[in-house]
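Student: Could we go through this protein together, one question at a time, beginning with the overall fold and then turning to individual side chains?

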Amino acid sequence: MKAFSLARRQVATVGLVCAVLLAACSTVPQTPPREPGPFRAADLVELVKIDPSIRLDVRYATANNFTGRPVYRQARAFLQRPAAEALVRVGRSLREQSHGLLVFDGYRPWSVTKLFWEVTPKDKRERGFVANPAKGSKHNRGAAVDLSMYDLATGKEVEMPSPYDEFTDRAAPSYTGGTAEQRARRDLLRAEMEKEGFTVDTGEWWHFNYQGWETYPILDIPFEKIP
């Protein structure tokens with residue numbers, strides 16, 4: 001009888017946990033939010049096709065990201081054409097200062113934003129480390145880019161105050177720790193991006209939004225369907 005009672009309690013506990021998880025999942029929208037618009041026509045441009053000097057390190061196409069698994073089928077990066085052309089100008093300026101652009105992510109399908117929200121702990125959500133799928137992300141609009149720099153002489157990624165996608169205070173563009181060299185490189189990237197109409201995210205030194213991002217629609221197009 002004791003064994004039977006224990007089994008019943010275990011089943012009840014599992015059932016309660018499942019109910020809580022289902023309730024949490026039910027609050028996550030299953031389709032992209034509907035917005036009134038009007039919006040500009042999407043014109044996603046593959047970055048390496050307009051500037052071969054841009055290097056890619058698309059972590060979300062690998063298991064080397066905060067989810068621990070690939071979420072993209074292809075290691076590609078896109079932006080809306082005006083943002084892509086502005087990024088090319090940033091890269092041109094940085095090359096004169098012995099640096100190149102290293103892009104981690106650009107356009108992100110809405111379904112991936114939904115996945116990020118579902119796997120991220122609540123406290124990290126509340127701190128703004130991932131976008132709420134109910135509102136969509138600037139990445140979903142093709143008007144945001146995650147990037148760093150590489151050294152032209154060595155070809156290696158430069159050191160910043162934090163690694164990419166680190167969910168700590170070190171990720172903030174205003175963080176005063178780290179070395180003077182790390183902060184100088186972070187601030188150089190920010191200055192060059194701002195000259196071309198990008199603004200940095202308050203919590204992530206690597207995340208930049210392009211001006212007019214709100215004029216583009218939220219998209220959920222897989223990479224493999226983009227020419």
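What follows is a set of questions and answers on the fold, the sheet, the aromatic side chains and the backbone.

Tutor: Please keep in mind that this is a predicted model, in which local features need pLDDT of at least 70 and side-chain atom pairs count only at pLDDT 80 or more, while totals for chains, interfaces and linings use all residues. Residues are numbered from 1 along each chain as its sequence is written, and side-chain values use heavy atoms, with hydrogens and water left out.

Student: How many helices and strands does the secondary structure of the protein come to?
Tutor: Helices (H or I, at least four residues) and strands (E, at least two) are taken as DSSP runs and numbered from the N terminus. Read along the sequence, they follow the pattern α-β-α-β-β-α-β-α-α-β-α-β-β. The count is six helices and seven strands.

Student: What percentage of the residues of the protein count as buried?
Tutor: Buried means under 20% relative accessible area, exposed over 50%, and partly exposed in between, with a 1.4 Å probe and protein chains only. Of the 227 residues of the protein, the share that counts as buried is 43%.

Student: Which residue of S5 is the bridge partner of His 99?
Tutor: S4 and S5 are joined by six bridges, and seven of the eight residues of S5 are buried, so this strand is largely enclosed by the rest of the structure. The partner of His 99 in S5 is Asp 151.

Student: Why is the pair of Tyr 60 and Phe 66 classed as it is?
Tutor: Rings of Phe, Tyr and Trp (its six-membered ring) pair if their centres lie within 6.5 Å; planes under 30 degrees apart count as stacked, over 60 as edge-to-face and the rest as tilted. Tyr 60 is buried at 2% relative accessible area, and Phe 66 is partly exposed at 28%. Their ring centres are 6.4 Å apart and their planes stand at 80°, so the pair is edge-to-face.

Student: Which residue forms an aromatic pair with Tyr 164?
Tutor: This pair is edge-to-face, at 5.4 Å centre to centre with 80° between the planes. One partner lies in the loop between S5 and H6 and the other in the loop between S6 and S7, 42 residues apart.

Student: Over the face of which residue does Arg 55 lie?
Tutor: A charge sits over a ring if NZ of Lys or CZ of Arg is within 6 Å of the ring centre and within 35 degrees of the ring normal. Arg 55, which stands opposite Leu 102 in S4, lies 4.2 Å from the ring centre of Tyr 150.

Student: Which residues does a cis peptide bond join?
Tutor: The proline concerned is in the loop between helix H1 (2-26) and strand S1 (44-46). With omega of about 0°, the bond joins Gly 37 and Pro 38.

Note on methods:
Two strands pair if DSSP finds at least two bridges between them.
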